Amino acid sequence: MNILLRVLCLVAGYLFGLIETGVLYGKMKGVDIRKHGSGNLGMTNALRVLGPKAGLVVFIGDLLKAFIPCLIVNIIFRNIYPETYMVYVLYTGLGAVLGHNFPFYLHFKGGKGISSSAGAILGLLNPWMCLILIVVFAVAVLLTHYVSVGSIALMIGYVTVFVIFALNGMLCFDKSIPESYNAMIEAIILSVILAFLAIIRHKANIGRLIRHEENKLSFHKSEESK
(Lines give C-alpha, C1' and ligand atoms only; values in the text may rest on other atoms or scores of the structure.)
Protein backbone atom coordinates (compact mmCIF):
# COMPACT_ATOMS: atom_id res chain seq x y z
CA MET A 1 0.00 0.00 0.00
CA ASN A 2 1.13 3.52 -0.80
CA ILE A 3 2.68 5.30 2.20
CA LEU A 4 2.38 8.71 0.52
CA LEU A 5 -1.37 8.25 0.08
CA ARG A 6 -1.68 7.36 3.74
CA VAL A 7 0.14 10.55 4.72
CA LEU A 8 -1.93 12.67 2.33
CA CYS A 9 -5.16 11.26 3.73
CA LEU A 10 -3.99 11.89 7.30
CA VAL A 11 -2.97 15.48 6.52
CA ALA A 12 -6.15 16.20 4.55
CA GLY A 13 -8.23 14.89 7.43
CA TYR A 14 -6.26 16.99 9.92
CA LEU A 15 -6.89 20.16 7.92
CA PHE A 16 -10.63 19.48 7.87
CA GLY A 17 -10.52 18.75 11.58
CA LEU A 18 -9.13 22.22 12.30
CA ILE A 19 -12.59 23.71 11.66
CA GLU A 20 -13.67 24.13 15.28
CA THR A 21 -17.45 24.46 15.12
CA GLY A 22 -17.76 25.17 18.84
CA VAL A 23 -15.40 28.16 18.65
CA LEU A 24 -17.04 29.55 15.52
CA TYR A 25 -20.60 29.20 16.83
CA GLY A 26 -19.61 30.61 20.21
CA LYS A 27 -18.10 33.71 18.58
CA MET A 28 -21.33 34.23 16.64
CA LYS A 29 -23.10 34.35 20.01
CA GLY A 30 -20.45 36.50 21.62
CA VAL A 31 -19.20 33.68 23.83
CA ASP A 32 -15.75 32.12 23.96
CA ILE A 33 -16.74 28.54 24.73
CA ARG A 34 -13.19 27.83 25.87
CA LYS A 35 -13.75 30.07 28.91
CA HIS A 36 -17.04 28.53 30.03
CA GLY A 37 -18.20 25.20 31.38
CA SER A 38 -15.53 22.57 30.93
CA GLY A 39 -13.68 24.66 28.36
CA ASN A 40 -14.09 21.82 25.89
CA LEU A 41 -14.87 22.68 22.27
CA GLY A 42 -17.28 19.83 21.61
CA MET A 43 -21.02 19.24 21.56
CA THR A 44 -21.55 18.49 25.26
CA ASN A 45 -20.01 21.71 26.52
CA ALA A 46 -21.79 23.72 23.81
CA LEU A 47 -25.06 22.13 24.91
CA ARG A 48 -24.49 22.96 28.56
CA VAL A 49 -23.21 26.49 28.01
CA LEU A 50 -25.27 27.70 25.03
CA GLY A 51 -28.25 25.34 24.95
CA PRO A 52 -29.70 22.59 22.73
CA LYS A 53 -29.44 24.47 19.42
CA ALA A 54 -25.75 25.10 19.97
CA GLY A 55 -25.20 21.48 20.93
CA LEU A 56 -26.90 20.29 17.75
CA VAL A 57 -25.03 22.74 15.51
CA VAL A 58 -21.67 21.82 17.00
CA PHE A 59 -22.44 18.11 16.79
CA ILE A 60 -23.40 18.34 13.11
CA GLY A 61 -20.42 20.56 12.26
CA ASP A 62 -17.90 18.34 14.03
CA LEU A 63 -19.43 15.23 12.49
CA LEU A 64 -19.43 16.64 8.95
CA LYS A 65 -15.83 17.82 9.06
CA ALA A 66 -14.80 14.18 9.42
CA PHE A 67 -17.58 12.62 7.36
CA ILE A 68 -17.11 14.77 4.23
CA PRO A 69 -13.39 14.05 3.66
CA CYS A 70 -13.94 10.37 4.55
CA LEU A 71 -16.83 10.19 2.08
CA ILE A 72 -14.71 11.75 -0.66
CA VAL A 73 -11.86 9.31 -0.02
CA ASN A 74 -14.33 6.41 0.12
CA ILE A 75 -15.89 7.31 -3.24
CA ILE A 76 -12.54 7.82 -4.98
CA PHE A 77 -10.60 4.91 -3.50
CA ARG A 78 -13.41 2.35 -3.48
CA ASN A 79 -12.91 1.74 -7.20
CA ILE A 80 -9.13 2.10 -7.22
CA TYR A 81 -8.46 -0.11 -4.20
CA PRO A 82 -11.67 -2.15 -3.74
CA GLU A 83 -10.13 -4.52 -1.16
CA THR A 84 -8.16 -2.00 0.90
CA TYR A 85 -9.88 1.40 0.57
CA MET A 86 -11.16 1.41 4.16
CA VAL A 87 -7.61 1.89 5.37
CA TYR A 88 -7.41 5.20 3.51
CA VAL A 89 -10.80 6.23 4.85
CA LEU A 90 -9.64 5.49 8.40
CA TYR A 91 -6.43 7.49 7.97
CA THR A 92 -8.55 10.42 6.82
CA GLY A 93 -10.90 10.02 9.77
CA LEU A 94 -8.02 9.71 12.21
CA GLY A 95 -6.55 12.93 10.79
CA ALA A 96 -9.86 14.75 11.28
CA VAL A 97 -10.05 13.60 14.90
CA LEU A 98 -6.46 14.68 15.53
CA GLY A 99 -7.22 18.07 13.98
CA HIS A 100 -10.26 18.49 16.21
CA ASN A 101 -8.52 17.28 19.36
CA PHE A 102 -5.20 19.04 18.79
CA PRO A 103 -5.65 22.19 16.64
CA PHE A 104 -2.23 23.82 16.31
CA TYR A 105 -3.66 27.36 16.23
CA LEU A 106 -5.41 26.83 19.59
CA HIS A 107 -2.26 25.57 21.30
CA PHE A 108 -3.35 21.97 20.60
CA LYS A 109 -6.31 22.30 22.98
CA GLY A 110 -9.44 21.07 21.24
CA GLY A 111 -12.32 18.70 21.87
CA LYS A 112 -12.65 15.04 22.70
CA GLY A 113 -13.33 13.89 19.17
CA ILE A 114 -16.50 11.83 19.62
CA SER A 115 -18.59 13.67 17.01
CA SER A 116 -15.68 13.61 14.57
CA SER A 117 -15.07 9.93 15.30
CA ALA A 118 -18.74 9.31 14.54
CA GLY A 119 -18.28 11.16 11.25
CA ALA A 120 -15.32 8.97 10.38
CA ILE A 121 -17.33 5.83 11.18
CA LEU A 122 -20.20 7.09 9.00
CA GLY A 123 -17.63 7.66 6.25
CA LEU A 124 -17.04 3.91 6.08
CA LEU A 125 -20.57 3.73 4.59
CA ASN A 126 -21.55 0.57 6.40
CA PRO A 127 -25.22 1.00 7.42
CA TRP A 128 -25.36 -2.06 9.69
CA MET A 129 -22.35 -0.92 11.66
CA CYS A 130 -23.84 2.56 12.02
CA LEU A 131 -27.21 1.22 13.13
CA ILE A 132 -25.67 -1.01 15.80
CA LEU A 133 -23.53 1.83 17.15
CA ILE A 134 -26.43 4.29 17.27
CA VAL A 135 -28.30 1.76 19.40
CA VAL A 136 -25.26 1.22 21.65
CA PHE A 137 -24.82 4.96 22.22
CA ALA A 138 -28.53 5.62 22.76
CA VAL A 139 -28.98 2.75 25.21
CA ALA A 140 -25.89 3.73 27.21
CA VAL A 141 -27.03 7.35 27.51
CA LEU A 142 -30.65 6.47 28.27
CA LEU A 143 -29.64 4.03 31.00
CA THR A 144 -27.03 6.23 32.66
CA HIS A 145 -27.90 9.80 31.57
CA TYR A 146 -24.17 10.35 31.04
CA VAL A 147 -23.01 11.44 27.58
CA SER A 148 -19.48 10.41 28.54
CA VAL A 149 -20.60 6.83 29.19
CA GLY A 150 -22.41 6.76 25.85
CA SER A 151 -19.32 8.12 24.09
CA ILE A 152 -17.00 5.54 25.62
CA ALA A 153 -19.50 2.75 24.90
CA LEU A 154 -19.76 3.98 21.31
CA MET A 155 -16.03 3.72 20.69
CA ILE A 156 -15.60 0.37 22.42
CA GLY A 157 -18.61 -0.88 20.47
CA TYR A 158 -17.10 0.43 17.24
CA VAL A 159 -13.87 -1.51 17.65
CA THR A 160 -15.77 -4.65 18.63
CA VAL A 161 -18.16 -4.44 15.67
CA PHE A 162 -15.38 -3.54 13.24
CA VAL A 163 -13.30 -6.55 14.25
CA ILE A 164 -16.30 -8.91 14.06
CA PHE A 165 -17.36 -7.58 10.67
CA ALA A 166 -13.80 -7.66 9.29
CA LEU A 167 -13.07 -11.21 10.43
CA ASN A 168 -16.38 -12.47 9.07
CA GLY A 169 -15.98 -10.99 5.60
CA MET A 170 -18.60 -8.27 6.12
CA LEU A 171 -16.25 -5.47 5.10
CA CYS A 172 -14.14 -4.95 1.96
CA PHE A 173 -11.22 -7.11 3.07
CA ASP A 174 -10.40 -10.47 1.51
CA LYS A 175 -8.34 -12.57 3.95
CA SER A 176 -7.22 -14.88 1.12
CA ILE A 177 -5.28 -12.00 -0.47
CA PRO A 178 -2.15 -11.08 1.54
CA GLU A 179 -2.32 -7.36 0.76
CA SER A 180 -5.98 -7.20 1.75
CA TYR A 181 -5.37 -9.26 4.91
CA ASN A 182 -2.55 -6.90 5.92
CA ALA A 183 -4.86 -3.97 5.22
CA MET A 184 -7.47 -5.51 7.50
CA ILE A 185 -4.96 -5.76 10.35
CA GLU A 186 -3.90 -2.16 9.73
CA ALA A 187 -7.53 -1.02 9.71
CA ILE A 188 -8.15 -2.77 13.03
CA ILE A 189 -5.10 -1.04 14.52
CA LEU A 190 -6.35 2.33 13.25
CA SER A 191 -9.75 1.63 14.77
CA VAL A 192 -8.15 0.81 18.12
CA ILE A 193 -6.19 4.08 17.94
CA LEU A 194 -9.40 6.01 17.27
CA ALA A 195 -11.08 4.40 20.26
CA PHE A 196 -8.02 4.91 22.48
CA LEU A 197 -7.89 8.62 21.59
CA ALA A 198 -11.55 9.03 22.50
CA ILE A 199 -11.27 7.17 25.79
CA ILE A 200 -8.05 8.88 26.91
CA ARG A 201 -9.66 12.26 26.21
CA HIS A 202 -12.39 11.21 28.65
CA LYS A 203 -9.90 10.58 31.44
CA ALA A 204 -11.30 13.42 33.56
CA ASN A 205 -14.86 12.22 32.94
CA ILE A 206 -13.94 8.70 34.02
CA GLY A 207 -12.47 10.10 37.22
CA ARG A 208 -15.65 12.06 37.93
CA LEU A 209 -17.78 9.01 37.18
CA ILE A 210 -15.80 7.01 39.74
CA ARG A 211 -16.27 9.81 42.29
CA HIS A 212 -19.97 10.20 41.33
CA GLU A 213 -19.32 13.82 40.35
CA GLU A 214 -19.99 13.63 36.61
CA ASN A 215 -22.70 15.92 35.24
CA LYS A 216 -25.73 14.13 33.88
CA LEU A 217 -27.24 15.07 30.54
CA SER A 218 -29.29 18.26 30.69
CA PHE A 219 -30.95 20.29 27.97
CA HIS A 220 -30.67 23.56 29.89
CA LYS A 221 -27.90 26.12 29.66
CA SER A 222 -25.50 25.96 32.56
CA GLU A 223 -22.33 27.72 33.58
CA GLU A 224 -21.69 25.24 36.37
CA SER A 225 -20.64 22.29 34.20
CA LYS A 226 -17.26 20.89 34.91
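Modeller: Happy to! Glu213 and Arg211 pair up through their side chains in a salt bridge, with 3.0 Å from N to O. This is a predicted model, so please read every value as computed from it. Glu213 has a relative accessibility of 34%, so it counts as partly exposed. Arg211 is also partly exposed, because its relative accessibility is 49%, and the cut-off for exposed is over 50%.

Now compare the pair Arg208 and Glu214: their salt bridge has its closest N and O atoms 2.9 Å apart, and here both residues are buried.

Next comes Glu20, which forms a salt bridge with Lys65, the closest N and O atoms being 3.6 Å apart. That pair links distant parts of the chain, 45 residues apart: Glu20 sits in the loop between helix 1 (3-17) and helix 2 (21-28), while Lys65 is in helix 4. Glu20 and Lys65 are both buried.

Taken over the model, the count comes to 6 salt bridges. As a general point, side chains of opposite charge can pair when their charged atoms come close.

Helix 4 has another side to it: with 8 residues, helix 4 gives the most to a nonpolar patch. Among the members of that surface patch are Leu64 and Ile68. Ile68 counts as partly exposed because its relative accessible area is 38%.

Definitions and conventions
Residues are numbered from 1 along each chain as its sequence is written. This is a predicted model: local features need pLDDT of at least 70, side-chain atom pairs count only at pLDDT 80 or more; totals for chains, interfaces and linings use all residues. Side-chain values use heavy atoms; hydrogens and water are left out. Patches are made of residues with over 30% relative accessible area and no salt bridge: like charges are joined within 9 Å, nonpolar side chains (Val, Leu, Ile, Met, Phe, Trp, Tyr) within 5 Å. Accessible areas come from the Shrake-Rupley method with a 1.4 Å probe; for residues, only the protein chains shown count as cover. A salt bridge is a side-chain nitrogen of Lys or Arg within 4 Å of a carboxyl oxygen of Asp or Glu. Helices (H or I, at least four residues) and strands (E, at least two) are DSSP runs, numbered from the N terminus. Buried means under 20% relative accessible area, exposed over 50%, partly exposed in between (1.4 Å probe, protein chains only).
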